[in-house]
Amino acid sequence: MDRIRIIGGKPLKGTVPISGAKNAALPLMCASLLVDEPLELTNVPDLVDIRTLGLLLEQHGVSVDRSAVGRMVLNGKGVHNTTAPYDLVRKMRASILVLGPLVARHGKAKVSLPGGCAIGARPVDLHIKGLQALGAEITLSDGYVHAEAPKGGLRGAKFTFPQVSVGATENLLLAASLAQGETQLINAAREPEIGNLAECLNAMGARITGIGSDCLTIQGVERLHSATHRIISDRIEAGTYAVAAAISGGCLTLTGLPDGILDSFFDHLIAAGVTVEQNPAAQSVTVTAGELHGVDVVTKPFPGFATDLQAQFMALMCLSQGASMITEAVFENRFMHVPELMRMGANISIQGGSALVRGVDDLTGAPVMATDLRASSSLVLAGLAAEGETVVSRVYHLDRGYEFIVEKLRNVGAMVERVA
Ligand code: EPZ
């Protein structure tokens, strides 16, 4: 298995182009199950998760053409199989997003329950309750969700999410686009990736209003049609490189980043002593390191501080002056990076859902590994600042979500290589 070897201490300088967002691309690919015409996606990142979902969609009967770089054409005309098997779903939880579109367009679906994961139990009860509200009959047996639409198809309904869920909002948005009548999704997630999905569905002929708010209204239509859609930039990747600039004592310009999608994160960086200059006209942000102070963080759904940036911010706080209380309020077990950061010399104590980080003067390189994507990226960031050599194992986590991470870091001066 590959590892990433980093020699720390080099201030990063230059420009990092931000890739298309994994978490926008995945639900958008599932929209192909709603139509029998081509759906063309551009700015598609080349990531393992994207390939895994491509395989799942192919076994449903979607044709997936990735012959041009950054472009993907999916065609759901040949969909014949409504079962999403365990072997593929267990590799990637976002596979549950095929459930809504399959029931909506094909009247039934059998999708493996994804099971728990490293960052928490992550149930899918809200996806199920929401589809039941649209009239789907759902049973759970043999580790699978079996869903069937009523005669005449799903029916629009008012559904209030008891808790904000990105994936459940996406699943219902996809399904409600082809339901009969009006659906209202209240307390819906507001992540920019959801707006991106809604815009694509509208380009395909759906009628969704309230985009960007926590109340989405969908007037169901009988059929959707072909469209071309650009995937938004990956705000989590951008946030990760912003920390890379700050933690390495450097200055990076991140390009291709729309305004307003990282405001809460940037506010926290600024409070920590980092300079963030946004240039909305050029869709770029320049992040310059400064003297770091401890800042408290509580993760929240958008527009709050993203849980997907908690581990990276913690790496930064390890080197700040003073203390920082980092509270993870979205997932119950998202501190796997803590023991590894401590092996690099960090001073962190966990108390329930919070981690108290007391800044230290230096981190030292060490062999480390992590059990999820963002935890892995926090270790790479710590390695960029640490004295000596850090070797991050289990690189396959990074391959799921960071396009060309080694190349992008090397281009801005990092001493980093991938070793077999
Ligand atoms: C999405 O996961 C992202 N994944 C995650 O990114 C991200 O961390 C998360 O949203 C929160 O922002 C994709 O977009 C593919 P949720 P999702 O449903 O949709 C609970 C990354 O590193 N919940 O908003 O699965 C759940 O357990 C990843 O790129 C239920 O209880 O997240 C969690 O505590 C990891 N029942 C909270 O809600 C449900 O039916 C939020 O989860 C669904 C969720």
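Predicted model: local features only at pLDDT ≥ 70, side-chain atom pairs only at ≥ 80, totals over all residues.

Mentor: Methionine 325 has leucine 356, a residue of β21, as its bridge partner. In general, the strands of a sheet pair through backbone hydrogen bonds, in either a parallel or an antiparallel manner.

The pair belongs to an open sheet of four strands, whose order is β18-β19-β21-β20 and whose pairing is mixed. At the edges stand β18 (297-298) and β20 (347-351); each has a single partner strand, so one side of each is left without a neighbour in the sheet. Helix α10, formed by residues 310-317, packs on this sheet and touches β18, β19, β20 and β21. The direction of α10 makes about 170° with that of β19.

Beyond the sheet, the loop between β21 and β22 (367-368) holds alanine 366. Is this residue buried or exposed? Alanine 366 counts as buried because its relative accessibility is 8%, and the limit for a buried residue is under 20%. Its contacts, apart from residues up to four places away in sequence, are with Arg343, Met344, Glu389, Thr390 and Val391.

Leaving out residues up to four places away in sequence, serine 264 touches Pro303, Gly304 and Phe305.

The nonpolar cores come next. The largest has 77 residues, and Leu173 and Leu201 have the most contacts inside it. Among the residues that leucine 201 touches, not counting those up to four places away in sequence, are Ala31, Leu34, Leu173 and Leu224.

Strand β6 (residues 83-84) and strand β7 (residues 108-112) run parallel and are joined by two bridges; threonine 83 has lysine 110 of β7 as its bridge partner. Strand β7 also pairs with strand β9 (residues 144-148), in the antiparallel sense and over five bridges. There, lysine 108 has glutamate 148 of β9 as its bridge partner.

Strand β9 is also one of the elements against which the buried residues of α5 pack, along with α4 (99-106), β8 (137-141), β10 (158-160) and α6 (166-176). Helix α5 covers residues 125-133, and its buried residues are Leu126, His127, Ile128, Gly130 and Leu131. Glycine 135 follows α5 and has a positive phi, near 100°.

Finally, there is the ligand. It is surrounded by 23 residues, of which Asp125, Ser165, Asp308, Val330 and Arg374 are the closest. Oxygen atoms of the ligand lie 3.0 Å from a side-chain N or O atom of lysine 22 and 3.1 Å from a side-chain N or O atom of asparagine 23. Proline 123 takes part through a backbone N or O atom, which is 3.2 Å from an oxygen atom of the ligand.

Conventions
Residues numbered from 1 in each chain as written. Heavy atoms only, no water. Pairing = 2+ DSSP bridges. Contact = heavy atoms within 4.5 Å. Axes fitted to C-alpha atoms, helices over the stretch in contact; angles between N-to-C directions. Core = buried A, V, L, I, M, F, W, Y, C linked by side-chain atoms within 4.5 Å. Buried < 20%, exposed > 50% of the residue type's maximum accessible area, 1.4 Å probe, protein only. Near = heavy atom within 4 Å. Polar contact = N/O pair within 3.5 Å; in protein donor to acceptor, adjacent residues only side chain to side chain.
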